[in-house]
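I opened the notebook to record what I looked up in this model, chain by chain. Entries follow in the order in which I made them.

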Amino acid sequence: MVASVPIDTQVHDTYFVVAHFHYVLIGGAVFPMFGGFYYWFPKITGRMLSERSGPWNFWLLFVGFNLTFFPMHWLGLAGMPRRVYTYPAGLGWGDANLLATVGAFLIGVSVLLFLANVAVSLRRGEPAPDNPWHAGTLEWATSSPPFVCNFPEIPIVPGPEPLWEERGERRLAYGLRADVREVLVTHLVDATPDHRYTFPDPSIWPLLAALATTALFIGSIYTPWAVPIGAVPVAVTLIGWFWPKTPADEAEA
Amino acid sequence: MRVVRALDLSQLPTYAYGARSLLWWATLGFCAIEGTAFALALMAYVYLRLKVSVWPPSVPPPALIWGTLNTALLLGSCVPNFLAKKAAEREAIRPVRIWLSVCLLFGVAFCGVRALEFTALRTTWSADAYGSIVFALLFLHTTHIATDVGDTAVLTALIFTRHGRGRRFVDVSENAFYWYFAVLAWLPIYVMVYIVPRVW
């Protein structure tokens, strides 16, 4: 909107700009963020947020946000500058600013209500099923909250909304080893299974390699000798990292 | 909800070669990053060259002998690397041991000649902008070669132990891929360090 030069000339540095970008930010990012929080809260925590305070949260925010920012359009067009905390009395801006203040308090009440809802639901919320929304995407196929491994056995994904294509039957891929860290590697384009890749067990070597690398580069600020001398511990730690360990190594057979 | 265990993965292999391998993609990504670093260093050379009328500013160009010998060595080393790669993909342990050892010998010989190349630069990193950039180009490439020679040495040691099987063959194959990159990256650097100061 303010990319249009005639409008920008008129409203630059006025409250109109404040109104406009808050409409964009709150409508475009804050509402979706709250929506996402409600949507995935059951998956993250295993508990539902309260359905009773949810609509209150929404309407207070919706009314409060419009009450706060809609009058600012008019204030800006009427000449009120932004980034100035006060204005002379008698310009007729008082009522609209009062309205905006009331709206801001409504937003505050809405957010406090949301925080209370989260705090209470975390402890006493209704236990969430795997897929409370009958959604189609993959995260709703695992338990709420998910296992550390996400899926004990990998669901086969036939399309972009795999859970809507199940028709009462969940098809799983199985056979990855659980005693070593095996992951499934697929072909790049059609995602057909190709091989099982074994990831290494937890190891101290990457940390040692990072410390050795840090010492090399910080040392190189002070003397060029830090490069050839520091390369020795870097090489040792990288080799230690790379060297095959048993029993993960046995898994390669 | 009926659960059907529909697809058995337990019979899949535990490693694969080329673009099917994670390591191949990792190496490709590494080549993209390091190739960019080489390109930036080469551009820095061109930038400095355009700033002055006399180039090199105070010294004769680097002596051709060692750099040219090393280029020949590097191109020649592609042969044992090719053979090691092919043998690894056939999982033939004896030729892998032989050709990987030859690769290592080439690498060590290259590093020896590289040391002579530094003495033939006739300048040093702290002399002036010219000295800085030729040293940077040569040093940058040397770090890549030294890394790969170290890598090849460890892999050669491994391939002679009980670990010389399975995924180690993929490592040998990707080791050759990375070496090709170090060879390819050298050619523009050779031209820049040795030829450009003679003709431009």
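I took the place of a charge as NZ of Lys, CZ of Arg, CG of Asp or CD of Glu.

Basis. I noted that this is a predicted model, in which local features need pLDDT of at least 70 and side-chain atom pairs count only at pLDDT 80 or more, while totals for chains, interfaces and linings use all residues. Residues are numbered from 1 along each chain as its sequence is written, chains are lettered from A and ligands numbered from 1 in the order in which they are written, and side-chain values use heavy atoms, with hydrogens and water left out.

Charges. With that convention, I looked up the 14 positive and 20 negative charges of chain A, whose mean positions lie 8 Å apart. For chain B, the mean positions of 17 positive and 10 negative charges are 3 Å apart.

Chain A, overall. I found six helices and four strands, taking helices (H or I, at least four residues) and strands (E, at least two) as DSSP runs numbered from the N terminus. Their order from the N terminus is α-α-α-α-β-β-β-β-α-α. Along the principal axes, the C-alpha atoms of chain A fill a box of roughly 85 × 65 × 40 Å. I recorded 33% of the 253 residues of chain A as buried, where buried means under 20% relative accessible area, exposed over 50% and partly exposed in between (1.4 Å probe, protein chains only).

Helix H4 of chain A. This helix covers residues 94–124 and reaches 45 Å from its first C-alpha to its last, close to the 45 Å expected at 1.5 Å a residue, the expected span being 1.5 Å times one less than the number of residues. Its buried residues include A:Ile107, A:Ser110 and A:Phe114, and the buried residues of H4(A) pack against helix H2 (15–45) and H3 of chain A.

Which residues does A:Leu61 contact, leaving aside its neighbours within four places in sequence? I listed A:Phe31, A:Phe34, A:Ile107 and A:Ser110, contact meaning heavy atoms within 4.5 Å. A:Leu61 lies in helix H3 (residues 53–77) and is buried, with a relative accessible area of 5%. I also noted A:Val111, which is 50 residues from A:Leu61 in sequence and 7.7 Å from it in space, C-alpha to C-alpha. A:Asn57 is in helix H3 of chain A too, and at 3% relative accessibility it counts as buried. Its contacts, with neighbours within four places left aside, are A:Phe34, A:Tyr38, A:Ser110, A:Leu113 and A:Phe114.

Chain B. The elements run β-α-α-α-α-α from the N terminus. The radius of gyration of chain B is 21 Å, well over the 16 Å that the globule rule gives for 200 residues, so chain B is more spread out than a compact globule. Buried residues make up 46% of the 200 residues in chain B. In helix H3 (residues 93–119) of chain B, I found B:Leu100, B:Phe110 and B:Arg114 among the buried residues, whose cover includes helix H2 (64–90), helix H4 (129–159) and helix H5 (167–199) of chain B.

Definitions and conventions
Lys, Arg positive; Asp, Glu negative; His and termini not counted. Rg over C-alpha atoms; globule rule 2.2 N^0.38 Å.
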